[in-house]
Amino acid sequence: MVREKTVFFCVECGYESPKWLGRCPGCGAWNRMEEELRGRQAAQIKTAAGSAVETLAGLGEADDALRISTGLSELDRVLGGGLVAGSLILIGGDPGIGKSTLVMQAAGGLEALGKKVLYVSGEESPRQLKMRAARLQVEMPGLLILAETDMNVIEAQVEAIRPDVVIIDSIQTVYRPELTSAAGSVSQLRESTAALLRVAKRGNVTVLLIGHVTKEGLIAGPRLLEHMVDCVLYFEGDRQHLYRILRGVKNRFGSTHEVGLFTMESFGLQEVANPSEWLLAQRPLHAAGSVVTASMEGTRPLLVEIQALVSVSSFGNFRRLSTGLDLNRVSLILAVLEKHAGLHIQDCDVFVNAVGGVRLLEPAVDLAVAASLVSSFRDRVVAGDTLFIGEVGLTGEVRGIPFLEQRLHEGSRMGFKRAVAPKYNTDSLRGRAGLEIIGVSTLEEAVREATD
Ligand code: TYD
Ligand code: MG
(Lines give C-alpha, C1' and ligand atoms only; values in the text may rest on other atoms or scores of the structure.)
(Ligands and ions follow the chains in the order given, each with its own letter.)
Protein backbone atom coordinates (compact mmCIF):
# COMPACT_ATOMS: atom_id res chain seq x y z
CA MET A 1 0.00 0.00 0.00
CA VAL A 2 1.49 3.31 -1.01
CA ARG A 3 0.84 5.97 1.55
CA GLU A 4 -0.31 9.30 0.17
CA LYS A 5 2.17 11.96 1.03
CA THR A 6 2.36 15.61 0.22
CA VAL A 7 5.53 16.82 -1.42
CA PHE A 8 6.44 20.09 -3.05
CA PHE A 9 8.07 20.54 -6.42
CA CYS A 10 9.71 23.53 -7.96
CA VAL A 11 8.00 24.30 -11.25
CA GLU A 12 11.26 25.63 -12.66
CA CYS A 13 13.76 22.90 -11.92
CA GLY A 14 11.83 20.03 -10.34
CA TYR A 15 13.50 20.41 -6.94
CA GLU A 16 11.63 18.26 -4.44
CA SER A 17 11.01 19.26 -0.84
CA PRO A 18 8.86 17.85 1.98
CA LYS A 19 7.71 21.34 2.89
CA TRP A 20 6.82 24.51 1.05
CA LEU A 21 9.69 26.90 0.52
CA GLY A 22 9.50 30.51 -0.59
CA ARG A 23 12.73 30.28 -2.51
CA CYS A 24 13.77 27.15 -4.35
CA PRO A 25 17.20 25.97 -3.16
CA GLY A 26 17.68 24.27 -6.54
CA CYS A 27 17.41 27.22 -8.88
CA GLY A 28 16.79 30.21 -6.65
CA ALA A 29 13.36 31.02 -8.10
CA TRP A 30 10.82 32.62 -5.78
CA ASN A 31 7.30 31.33 -5.19
CA ARG A 32 7.57 28.43 -7.60
CA MET A 33 6.93 25.49 -5.24
CA GLU A 34 3.81 23.50 -5.98
CA GLU A 35 2.05 20.88 -3.88
CA GLU A 36 1.67 17.31 -5.13
CA LEU A 37 0.25 14.06 -3.82
CA ARG A 38 3.15 11.68 -4.15
CA GLY A 39 1.71 8.26 -3.29
CA ARG A 40 -1.16 8.32 -5.74
CA GLN A 41 0.99 9.12 -8.75
CA ALA A 42 3.52 6.47 -7.92
CA ALA A 43 0.75 3.88 -7.57
CA GLN A 44 -0.73 4.86 -10.93
CA ILE A 45 2.53 4.47 -12.76
CA LYS A 46 3.20 1.11 -11.16
CA THR A 47 -0.10 -0.45 -12.21
CA ALA A 48 0.73 0.14 -15.85
CA ALA A 49 3.59 -2.33 -15.92
CA GLY A 50 2.69 -5.79 -17.12
CA SER A 51 5.33 -6.93 -19.55
CA ALA A 52 6.89 -10.33 -19.99
CA VAL A 53 10.60 -11.05 -19.54
CA GLU A 54 12.45 -11.59 -22.82
CA THR A 55 15.99 -12.53 -23.80
CA LEU A 56 18.08 -10.25 -25.99
CA ALA A 57 18.40 -12.92 -28.65
CA GLY A 58 14.65 -13.47 -28.66
CA LEU A 59 14.15 -9.85 -29.64
CA GLY A 60 15.48 -10.41 -33.18
CA GLU A 61 17.80 -8.12 -35.11
CA ALA A 62 18.68 -4.67 -33.83
CA ASP A 63 17.40 -3.00 -36.94
CA ASP A 64 18.50 0.49 -37.79
CA ALA A 65 16.18 0.40 -40.80
CA LEU A 66 13.33 1.00 -38.36
CA ARG A 67 14.26 4.63 -38.49
CA ILE A 68 11.81 6.79 -40.36
CA SER A 69 13.06 9.79 -42.31
CA THR A 70 11.18 13.01 -41.65
CA GLY A 71 12.10 14.43 -45.02
CA LEU A 72 14.08 17.16 -43.25
CA SER A 73 17.67 16.02 -43.40
CA GLU A 74 18.80 18.48 -40.72
CA LEU A 75 16.21 17.10 -38.31
CA ASP A 76 17.12 13.52 -39.24
CA ARG A 77 20.76 14.25 -38.55
CA VAL A 78 20.06 15.56 -35.05
CA LEU A 79 17.87 12.53 -34.37
CA GLY A 80 20.75 10.28 -35.40
CA GLY A 81 19.34 9.26 -38.79
CA GLY A 82 15.58 9.68 -38.47
CA LEU A 83 12.81 8.84 -36.04
CA VAL A 84 13.09 5.55 -34.17
CA ALA A 85 9.76 3.72 -34.08
CA GLY A 86 8.32 3.61 -30.58
CA SER A 87 10.45 6.43 -29.22
CA LEU A 88 9.41 9.50 -27.27
CA ILE A 89 11.03 12.70 -28.47
CA LEU A 90 10.87 16.04 -26.76
CA ILE A 91 11.35 19.23 -28.75
CA GLY A 92 11.81 22.23 -26.48
CA GLY A 93 12.22 25.87 -27.33
CA ASP A 94 11.05 29.40 -26.69
CA PRO A 95 7.52 30.29 -27.71
CA GLY A 96 7.47 31.52 -31.30
CA ILE A 97 10.80 30.01 -32.25
CA GLY A 98 9.21 27.69 -34.84
CA LYS A 99 8.54 24.37 -33.09
CA SER A 100 5.07 23.93 -34.56
CA THR A 101 6.41 24.86 -37.97
CA LEU A 102 9.20 22.30 -37.67
CA VAL A 103 6.94 19.42 -36.65
CA MET A 104 4.39 20.31 -39.28
CA GLN A 105 7.03 20.20 -41.99
CA ALA A 106 8.22 16.89 -40.58
CA ALA A 107 4.62 15.67 -40.64
CA GLY A 108 4.50 16.56 -44.34
CA GLY A 109 7.65 14.56 -44.99
CA LEU A 110 6.34 11.59 -43.05
CA GLU A 111 3.09 11.69 -44.92
CA ALA A 112 4.90 11.66 -48.22
CA LEU A 113 6.39 8.34 -47.08
CA GLY A 114 2.90 7.01 -46.49
CA LYS A 115 3.07 7.28 -42.69
CA LYS A 116 -0.02 7.97 -40.66
CA VAL A 117 0.52 11.11 -38.61
CA LEU A 118 -1.80 12.37 -35.87
CA TYR A 119 -1.31 16.01 -34.91
CA VAL A 120 -2.81 16.72 -31.51
CA SER A 121 -3.08 20.44 -31.03
CA GLY A 122 -3.98 22.03 -27.74
CA GLU A 123 -2.87 25.47 -28.80
CA GLU A 124 -4.25 26.07 -32.24
CA SER A 125 -7.55 25.27 -33.88
CA PRO A 126 -7.66 22.92 -36.91
CA ARG A 127 -8.28 25.97 -39.09
CA GLN A 128 -5.15 27.66 -37.83
CA LEU A 129 -3.19 24.49 -38.51
CA LYS A 130 -4.60 24.44 -42.00
CA MET A 131 -3.51 28.02 -42.57
CA ARG A 132 -0.01 27.16 -41.44
CA ALA A 133 0.10 24.13 -43.72
CA ALA A 134 -0.98 26.28 -46.66
CA ARG A 135 1.79 28.75 -45.87
CA LEU A 136 4.35 25.97 -45.75
CA GLN A 137 3.36 24.75 -49.18
CA VAL A 138 3.53 21.18 -47.95
CA GLU A 139 1.00 18.78 -49.33
CA MET A 140 -0.48 16.76 -46.50
CA PRO A 141 -4.11 16.04 -47.28
CA GLY A 142 -4.12 12.97 -45.06
CA LEU A 143 -2.73 14.59 -41.92
CA LEU A 144 -4.98 13.67 -39.01
CA ILE A 145 -5.80 16.55 -36.72
CA LEU A 146 -7.18 16.34 -33.21
CA ALA A 147 -7.86 19.50 -31.25
CA GLU A 148 -7.89 18.01 -27.78
CA THR A 149 -6.18 18.45 -24.43
CA ASP A 150 -7.69 15.62 -22.35
CA MET A 151 -5.04 12.91 -22.11
CA ASN A 152 -7.65 10.15 -21.76
CA VAL A 153 -9.31 11.13 -25.02
CA ILE A 154 -5.95 11.39 -26.74
CA GLU A 155 -4.96 7.93 -25.54
CA ALA A 156 -8.27 6.46 -26.71
CA GLN A 157 -7.90 8.11 -30.13
CA VAL A 158 -4.37 6.80 -30.54
CA GLU A 159 -5.62 3.30 -29.67
CA ALA A 160 -8.41 3.63 -32.22
CA ILE A 161 -6.49 5.27 -35.07
CA ARG A 162 -3.13 3.49 -34.57
CA PRO A 163 -0.97 6.18 -36.18
CA ASP A 164 2.76 5.75 -36.85
CA VAL A 165 3.60 9.13 -35.40
CA VAL A 166 1.77 11.28 -32.86
CA ILE A 167 2.60 14.94 -32.39
CA ILE A 168 1.57 16.61 -29.12
CA ASP A 169 1.60 20.40 -29.45
CA SER A 170 2.22 21.16 -26.61
CA ILE A 171 2.78 18.98 -23.57
CA GLN A 172 1.93 21.97 -21.37
CA THR A 173 -1.65 22.05 -22.65
CA VAL A 174 -2.61 18.41 -22.09
CA TYR A 175 -3.95 17.23 -18.77
CA ARG A 176 -5.39 14.25 -16.95
CA PRO A 177 -8.79 15.03 -15.47
CA GLU A 178 -8.14 12.66 -12.53
CA LEU A 179 -5.46 14.97 -11.20
CA THR A 180 -6.60 18.10 -9.46
CA SER A 181 -3.77 20.36 -10.54
CA ALA A 182 -3.99 22.57 -13.60
CA ALA A 183 -2.62 21.75 -17.05
CA GLY A 184 1.04 22.68 -17.25
CA SER A 185 1.73 21.89 -13.59
CA VAL A 186 4.52 19.56 -12.61
CA SER A 187 2.27 16.59 -11.86
CA GLN A 188 0.22 17.05 -15.03
CA LEU A 189 3.36 17.28 -17.13
CA ARG A 190 4.83 14.16 -15.58
CA GLU A 191 1.63 12.15 -15.68
CA SER A 192 0.85 13.04 -19.29
CA THR A 193 4.39 12.26 -20.36
CA ALA A 194 4.29 8.93 -18.52
CA ALA A 195 1.03 8.11 -20.29
CA LEU A 196 2.52 9.03 -23.66
CA LEU A 197 5.57 6.95 -22.88
CA ARG A 198 3.31 3.95 -22.39
CA VAL A 199 1.48 4.76 -25.62
CA ALA A 200 4.80 4.92 -27.47
CA LYS A 201 6.27 1.72 -26.09
CA ARG A 202 3.11 -0.36 -26.18
CA GLY A 203 1.90 0.54 -29.65
CA ASN A 204 5.34 1.16 -31.20
CA VAL A 205 4.18 4.67 -31.98
CA THR A 206 6.69 7.50 -32.27
CA VAL A 207 5.60 10.41 -30.12
CA LEU A 208 6.88 13.93 -30.67
CA LEU A 209 6.28 16.20 -27.71
CA ILE A 210 6.56 19.94 -27.96
CA GLY A 211 7.51 21.76 -24.78
CA HIS A 212 7.70 25.49 -24.31
CA VAL A 213 10.61 26.94 -22.51
CA THR A 214 9.23 29.62 -20.27
CA LYS A 215 10.86 32.56 -18.59
CA GLU A 216 14.11 34.03 -19.73
CA GLY A 217 16.94 31.56 -19.87
CA LEU A 218 15.33 29.21 -17.39
CA ILE A 219 13.99 26.02 -18.82
CA ALA A 220 10.76 25.16 -17.08
CA GLY A 221 8.60 22.31 -18.15
CA PRO A 222 10.72 20.47 -20.70
CA ARG A 223 13.60 20.22 -18.23
CA LEU A 224 11.47 18.15 -15.87
CA LEU A 225 10.79 15.61 -18.57
CA GLU A 226 14.27 15.06 -19.92
CA HIS A 227 14.86 11.91 -17.90
CA MET A 228 11.62 10.31 -19.06
CA VAL A 229 12.02 10.65 -22.80
CA ASP A 230 14.34 8.95 -25.30
CA CYS A 231 15.52 12.02 -27.06
CA VAL A 232 15.63 15.72 -26.22
CA LEU A 233 16.09 18.38 -28.86
CA TYR A 234 16.16 22.10 -28.28
CA PHE A 235 15.26 24.59 -30.94
CA GLU A 236 17.22 27.79 -30.45
CA GLY A 237 18.13 31.02 -32.10
CA ASP A 238 16.92 34.47 -31.49
CA ARG A 239 13.79 35.74 -33.05
CA GLN A 240 15.47 38.82 -34.46
CA HIS A 241 17.67 36.65 -36.61
CA LEU A 242 16.54 34.40 -39.38
CA TYR A 243 18.41 31.33 -38.33
CA ARG A 244 17.42 28.55 -35.99
CA ILE A 245 19.62 25.88 -34.50
CA LEU A 246 18.26 22.49 -33.53
CA ARG A 247 20.45 20.92 -30.90
CA GLY A 248 20.45 17.37 -29.57
CA VAL A 249 20.79 17.29 -25.79
CA LYS A 250 19.97 13.67 -25.09
CA ASN A 251 19.62 10.77 -27.48
CA ARG A 252 19.24 7.14 -26.52
CA PHE A 253 19.61 6.09 -30.16
CA GLY A 254 22.36 8.30 -31.46
CA SER A 255 24.97 10.88 -30.64
CA THR A 256 24.07 14.09 -28.89
CA HIS A 257 25.53 17.47 -29.70
CA GLU A 258 24.55 17.18 -33.33
CA VAL A 259 23.08 20.37 -34.67
CA GLY A 260 20.71 21.12 -37.48
CA LEU A 261 20.61 24.54 -39.06
CA PHE A 262 17.57 26.23 -40.51
CA THR A 263 16.51 29.67 -41.60
CA MET A 264 12.98 30.88 -41.02
CA GLU A 265 11.47 32.11 -44.25
CA SER A 266 7.99 33.31 -45.10
CA PHE A 267 7.22 29.81 -46.38
CA GLY A 268 8.57 27.93 -43.37
CA LEU A 269 11.92 26.56 -42.29
CA GLN A 270 14.62 26.11 -44.90
CA GLU A 271 17.52 23.79 -44.26
CA VAL A 272 21.01 25.23 -44.42
CA ALA A 273 23.05 22.71 -46.34
CA ASN A 274 26.34 24.58 -46.23
CA PRO A 275 26.50 26.25 -42.81
CA SER A 276 30.13 27.40 -43.04
CA GLU A 277 29.43 29.37 -46.18
CA TRP A 278 26.38 30.87 -44.59
CA LEU A 279 28.11 31.70 -41.30
CA LEU A 280 30.94 33.45 -43.10
CA ALA A 281 28.78 35.21 -45.68
CA GLN A 282 28.98 38.65 -44.11
CA ARG A 283 32.52 38.46 -42.85
CA PRO A 284 34.39 41.75 -43.18
CA LEU A 285 37.73 41.19 -44.88
CA HIS A 286 40.66 43.33 -43.76
CA ALA A 287 39.08 44.22 -40.42
CA ALA A 288 41.09 44.08 -37.21
CA GLY A 289 39.57 41.81 -34.57
CA SER A 290 38.06 39.31 -37.00
CA VAL A 291 39.43 35.75 -37.03
CA VAL A 292 37.95 32.49 -38.34
CA THR A 293 38.08 29.18 -36.51
CA ALA A 294 36.72 25.69 -37.14
CA SER A 295 34.56 24.33 -34.37
CA MET A 296 33.01 20.89 -34.22
CA GLU A 297 29.26 20.74 -33.80
CA GLY A 298 28.66 17.05 -33.36
CA THR A 299 30.39 15.34 -36.23
CA ARG A 300 30.32 18.42 -38.39
CA PRO A 301 32.99 21.09 -38.57
CA LEU A 302 31.67 24.63 -38.76
CA LEU A 303 33.72 27.62 -39.76
CA VAL A 304 32.83 30.50 -37.50
CA GLU A 305 34.06 34.06 -37.39
CA ILE A 306 35.12 35.39 -34.01
CA GLN A 307 35.10 39.12 -33.51
CA ALA A 308 36.78 41.01 -30.73
CA LEU A 309 36.77 44.64 -29.77
CA VAL A 310 39.41 45.70 -27.28
CA SER A 311 39.55 49.31 -26.22
CA VAL A 312 41.28 51.18 -23.45
CA SER A 313 38.93 51.44 -20.54
CA SER A 314 38.21 55.03 -19.72
CA PHE A 315 36.78 54.61 -16.24
CA GLY A 316 39.22 52.32 -14.51
CA ASN A 317 36.58 49.64 -14.13
CA PHE A 318 36.75 47.69 -17.34
CA ARG A 319 33.90 45.86 -19.02
CA ARG A 320 33.84 42.29 -20.35
CA LEU A 321 31.13 40.95 -22.57
CA SER A 322 30.92 37.83 -24.68
CA THR A 323 28.25 36.42 -26.95
CA GLY A 324 28.38 32.76 -27.89
CA LEU A 325 31.59 32.19 -25.94
CA ASP A 326 32.26 31.34 -22.31
CA LEU A 327 33.19 34.58 -20.57
CA ASN A 328 35.35 32.76 -18.01
CA ARG A 329 37.30 31.22 -20.83
CA VAL A 330 37.77 34.65 -22.43
CA SER A 331 39.04 36.06 -19.12
CA LEU A 332 41.47 33.17 -18.84
CA ILE A 333 42.80 33.83 -22.35
CA LEU A 334 43.24 37.53 -21.51
CA ALA A 335 45.22 36.59 -18.40
CA VAL A 336 47.43 34.20 -20.37
CA LEU A 337 48.00 36.85 -23.06
CA GLU A 338 49.06 39.33 -20.40
CA LYS A 339 51.35 36.94 -18.57
CA HIS A 340 52.88 34.91 -21.40
CA ALA A 341 52.64 37.08 -24.50
CA GLY A 342 53.54 40.36 -22.84
CA LEU A 343 50.37 42.25 -23.76
CA HIS A 344 48.95 44.80 -21.33
CA ILE A 345 45.44 43.86 -22.24
CA GLN A 346 43.81 42.92 -18.97
CA ASP A 347 42.45 46.28 -17.95
CA CYS A 348 40.90 47.08 -21.31
CA ASP A 349 37.21 46.88 -22.16
CA VAL A 350 36.79 43.60 -24.00
CA PHE A 351 33.88 42.48 -26.17
CA VAL A 352 33.94 39.14 -27.99
CA ASN A 353 31.35 37.63 -30.25
CA ALA A 354 30.94 34.31 -32.05
CA VAL A 355 29.17 35.53 -35.18
CA GLY A 356 25.94 33.89 -36.35
CA GLY A 357 24.35 33.08 -33.02
CA VAL A 358 26.32 29.86 -32.55
CA ARG A 359 27.63 28.90 -29.14
CA LEU A 360 31.24 27.79 -29.10
CA LEU A 361 32.02 26.07 -25.85
CA GLU A 362 34.90 23.81 -26.83
CA PRO A 363 38.45 24.87 -25.91
CA ALA A 364 39.60 24.35 -29.51
CA VAL A 365 38.42 27.87 -30.29
CA ASP A 366 40.77 29.45 -27.70
CA LEU A 367 43.49 30.24 -30.18
CA ALA A 368 41.11 32.10 -32.46
CA VAL A 369 39.75 34.08 -29.53
CA ALA A 370 43.31 34.98 -28.54
CA ALA A 371 44.17 35.97 -32.13
CA SER A 372 41.09 38.17 -32.45
CA LEU A 373 41.83 39.88 -29.13
CA VAL A 374 45.42 40.59 -30.13
CA SER A 375 44.34 41.73 -33.58
CA SER A 376 41.92 44.25 -32.15
CA PHE A 377 44.28 45.31 -29.36
CA ARG A 378 47.10 46.04 -31.81
CA ASP A 379 44.77 47.16 -34.56
CA ARG A 380 46.41 44.75 -36.98
CA VAL A 381 44.46 42.73 -39.52
CA VAL A 382 44.80 38.95 -39.45
CA ALA A 383 45.14 37.40 -42.92
CA GLY A 384 41.61 36.54 -44.07
CA ASP A 385 42.64 33.17 -45.51
CA THR A 386 44.03 31.84 -42.22
CA LEU A 387 42.26 29.64 -39.70
CA PHE A 388 43.17 29.55 -36.01
CA ILE A 389 42.51 26.32 -34.13
CA GLY A 390 43.88 25.18 -30.76
CA GLU A 391 43.42 25.12 -27.03
CA VAL A 392 45.34 27.56 -24.84
CA GLY A 393 46.79 26.28 -21.55
CA LEU A 394 47.50 28.30 -18.43
CA THR A 395 51.24 28.27 -18.95
CA GLY A 396 50.87 29.79 -22.41
CA GLU A 397 51.18 26.50 -24.26
CA VAL A 398 48.99 25.56 -27.23
CA ARG A 399 47.44 22.17 -26.64
CA GLY A 400 46.28 19.52 -29.09
CA ILE A 401 42.64 19.20 -30.03
CA PRO A 402 40.46 16.42 -31.51
CA PHE A 403 39.25 16.19 -35.13
CA LEU A 404 41.87 18.53 -36.56
CA GLU A 405 41.83 16.81 -39.94
CA GLN A 406 38.07 17.28 -40.40
CA ARG A 407 38.34 20.91 -39.39
CA LEU A 408 41.15 21.55 -41.83
CA HIS A 409 39.28 19.85 -44.65
CA GLU A 410 36.32 22.12 -44.07
CA GLY A 411 38.71 25.06 -44.15
CA SER A 412 40.29 24.07 -47.44
CA ARG A 413 36.86 23.35 -48.90
CA MET A 414 35.87 26.90 -48.05
CA GLY A 415 38.97 28.33 -49.70
CA PHE A 416 41.23 28.91 -46.71
CA LYS A 417 44.94 28.71 -47.50
CA ARG A 418 46.63 28.47 -44.11
CA ALA A 419 45.91 27.19 -40.65
CA VAL A 420 47.62 27.97 -37.38
CA ALA A 421 47.14 24.84 -35.29
CA PRO A 422 48.73 22.94 -32.37
CA LYS A 423 52.13 21.53 -33.26
CA TYR A 424 51.18 18.48 -31.23
CA ASN A 425 48.55 17.56 -33.83
CA THR A 426 50.05 18.91 -37.00
CA ASP A 427 53.26 16.87 -37.15
CA SER A 428 51.34 13.78 -38.16
CA LEU A 429 49.07 15.63 -40.56
CA ARG A 430 51.41 17.29 -43.00
CA GLY A 431 50.41 16.95 -46.62
CA ARG A 432 47.00 15.52 -45.87
CA ALA A 433 45.09 18.65 -45.01
CA GLY A 434 44.89 20.49 -48.33
CA LEU A 435 46.22 23.73 -46.88
CA GLU A 436 49.43 25.07 -45.41
CA ILE A 437 49.77 24.27 -41.72
CA ILE A 438 51.70 26.36 -39.26
CA GLY A 439 52.26 24.29 -36.14
CA VAL A 440 52.63 26.33 -32.95
CA SER A 441 53.35 25.17 -29.44
CA THR A 442 53.05 28.44 -27.56
CA LEU A 443 50.56 31.24 -27.55
CA GLU A 444 53.37 33.68 -28.20
CA GLU A 445 54.21 31.99 -31.52
CA ALA A 446 50.54 32.04 -32.47
CA VAL A 447 50.28 35.74 -31.65
CA ARG A 448 53.28 36.38 -33.86
CA GLU A 449 51.65 34.48 -36.71
CA ALA A 450 48.46 36.45 -36.26
CA THR A 451 49.73 39.97 -36.32
CA ASP A 452 53.24 40.10 -37.78
P1 TYD B 1 5.67 28.63 -34.65
O2 TYD B 1 6.04 27.39 -35.36
O3 TYD B 1 4.22 28.88 -34.44
O4 TYD B 1 6.42 28.72 -33.23
P5 TYD B 1 6.22 27.86 -31.90
O6 TYD B 1 5.38 26.69 -32.21
O7 TYD B 1 7.63 27.48 -31.51
O8 TYD B 1 5.62 28.77 -30.89
O9 TYD B 1 6.33 29.82 -35.46
C10 TYD B 1 6.26 31.08 -34.95
C11 TYD B 1 6.91 32.17 -35.75
O12 TYD B 1 7.44 31.78 -36.99
C13 TYD B 1 5.90 33.23 -36.00
O14 TYD B 1 6.36 34.39 -35.37
C15 TYD B 1 5.82 33.38 -37.45
C16 TYD B 1 7.04 32.72 -37.99
N17 TYD B 1 6.81 32.02 -39.24
C18 TYD B 1 7.46 32.44 -40.38
O19 TYD B 1 8.25 33.38 -40.36
N20 TYD B 1 7.27 31.73 -41.55
C21 TYD B 1 6.42 30.69 -41.62
O22 TYD B 1 6.26 30.08 -42.69
C23 TYD B 1 5.73 30.27 -40.43
C24 TYD B 1 4.77 29.13 -40.47
C25 TYD B 1 5.96 30.97 -39.26
MG1 MG C 1 3.41 26.34 -31.52
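Tutor: Domain bounds here come from an automatic or database domain assignment. For this protein the assignment gives domain 1 (1-46), domain 2 (63-273) and domain 3 (278-451). The model is a predicted one. The part to look at is the interface of domain 2 and domain 3.

Start with the distance. Taken over C-alpha atoms, the centres of domain 2 and domain 3 are 37 Å apart. In terms of contacts, 13 residues of domain 2 touch 10 residues of domain 3. The size of an interface is often given as the accessible area lost when the parts come together. Between domain 2 and domain 3 that buried area is about 1,000 Å², and carbon and sulfur atoms give 52% of it. On the side of domain 2, Tyr 243, Arg 247 and Leu 261 supply 39% of the area buried against domain 3, more than any other three residues.

Next come the polar links. The rule finds 1 salt bridge across this interface. A salt bridge joins Glu 236 and Arg 359, with 3.4 Å between the closest N and O atoms. The interface of domain 2 and domain 3 also has 1 residue pair in polar contact, both residues being at pLDDT 80 or more.

Now see which elements of domain 2 face domain 3. Helix H2 (73-79), strand E12 (243-251) and strand E13 (259-265) each supply at least two residues of the touching side. Of the elements, E13 gives the most, with 4 residues. By kind, the residues on this side of domain 2 divide into 5 nonpolar, 3 polar and 5 charged.

Ligand 1 is the next thing to find. There are 16 residues around ligand 1, and those that come nearest are Gly 96, Ser 100, Thr 101, Arg 132 and Glu 265. A polar backbone atom of Gly 96 is 2.7 Å from an oxygen atom of ligand 1. For Lys 99, a polar backbone atom is 2.8 Å from an oxygen atom of the ligand. Arg 135 uses its side chain instead: a polar atom there lies 3.1 Å from a nitrogen atom of ligand 1.

Two details of the backbone remain. Most residues other than glycine have a negative phi, and most peptide bonds are trans. Asp 169 and Ser 170 are joined by a cis peptide bond, with omega about 0°. Ser 170 is in the loop between strand E9 (165-169) and helix H6 (186-203). Asn 204 is a residue other than glycine with a positive phi, near 55°. The loop that holds Asn 204 runs between H6 and strand E10 (206-212).

Technical notes: Residues are numbered from 1 along each chain as its sequence is written. Chains are lettered from A and ligands numbered from 1 in the order in which they are written. This is a predicted model: local features need pLDDT of at least 70, side-chain atom pairs count only at pLDDT 80 or more; totals for chains, interfaces and linings use all residues. Side-chain values use heavy atoms; hydrogens and water are left out. Contact means heavy atoms within 4.5 Å. Buried area is the accessible area (1.4 Å probe) that two parts lose on being put together, summed over both. A salt bridge is a side-chain nitrogen of Lys or Arg within 4 Å of a carboxyl oxygen of Asp or Glu. A polar contact is a pair of N or O atoms within 3.5 Å; within protein, one must be able to donate a hydrogen and the other to accept it, and residues adjacent in sequence count only if both atoms are side-chain atoms. Ala, Val, Leu, Ile, Met, Phe, Trp, Tyr, Cys and Pro count as nonpolar, Asp, Glu, Lys and Arg as charged, and the others, Gly among them, as polar. A residue is near a molecule or strand if one of its heavy atoms lies within 4 Å of it.
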